Amino acid sequence: MLEPLRQGLPPLDPAAVSNAACCALPARFEAVREARQFTRRTLDQWDIGDRFDDVGLVVSELVTNALRHALPSDTPRPDQGPPVRLHLMSWTSRLVCAVRDPSHGSPVAGDSDDFSAESGRGLFLVDSFADSWGWHPLAGTLSGKVVWALFRLPPSGPSALAAALPAE
């Protein structure tokens, strides 16, 4: 069992976020494809589409884990709303993808030593491709948890271009 971790998460002040987008996902495995498509469109709109390969893989793993391990076995009622939500937030130098689900259980990393297994390596992949990740329980009127992954973004703008050019 992993302990809740907020370390490395950017400040949660909504005013500090440059961009934010949210997508409600249904309780079916086709939602993973929907989450990837939403992520691609959003990153392209934010001009960071070049990060899609890593971010898309992590989003796929987080959404799959939420659908597979965090949903109740009984069928959700329509008045409860979509059980899983994907949030994408960017700051100047960081991107966070967060998946909210109704479970109170902590994420559990599988045994990454069995490379022939068809499942159980999702959090290992998240750890490998994201700069940091963690989870925390929701508070207040919201029930469940959020599992998040952070990606550092390269600097952009004229100063970043000057830094990338070779010195004469």
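At 6% relative accessibility, Lys145 counts as buried, where buried means under 20% relative accessible area, exposed over 50% and partly exposed in between (1.4 Å probe, protein chains only). This lysine belongs to strand S5; strands (E, at least two residues) and helices (H or I, at least four) are DSSP runs numbered from the N terminus. The model is a predicted one, so local features need pLDDT of at least 70 and side-chain atom pairs count only at pLDDT 80 or more, while totals for chains, interfaces and linings use all residues. Numbering runs from 1 along each chain as its sequence is written, and side-chain values use heavy atoms, with hydrogens and water left out.

Back to Lys145: its side chain gets to the backbone oxygen of Gly105 at 3.1 Å.

As for the overall picture, the protein has four helices and five strands, laid out along the sequence as β-α-α-β-β-α-β-β-α. Of its 168 residues, 38% are buried. Among contacts with a separation of 6 or more, 67% pair residues 24 or more positions apart.

The pLDDT (the predictor's confidence in each residue, from 0 to 100) averages 79 over the protein, and 68% of the residues score at least 70. Helix H1 (residues 30-45) comes out highest at 96, and helix H4 (residues 158-164) lowest at a mean of 50. Where pLDDT is low, the predicted coordinates should not be read in detail.

Leu86 sits in strand S2 (residues 84-90) and, at 0% relative accessibility, counts as buried. Beyond its neighbours within four places in sequence, Leu86 is in contact with Ala21, Cys22, Cys23, Leu25, Ala35, Phe38, Thr39, Val59, Cys97, Ala98 and Val99. Its C-alpha atom is 9.8 Å from that of Val147, 61 residues away along the chain.

Helix H3 (residues 122-129) has Gly122, Leu123 and Val126 as its buried residues. They cover an arc of only 95° around the axis, which puts them on the same side of H3; the arc is that of the directions from the helix axis to the C-beta atoms. The cover over these buried residues includes helix H2 (52-69), strand S4 (132-137) and strand S5 (145-152).

Methods: Contact means heavy atoms within 4.5 Å. A polar contact is a pair of N or O atoms within 3.5 Å; within protein, one must be able to donate a hydrogen and the other to accept it, and residues adjacent in sequence count only if both atoms are side-chain atoms.
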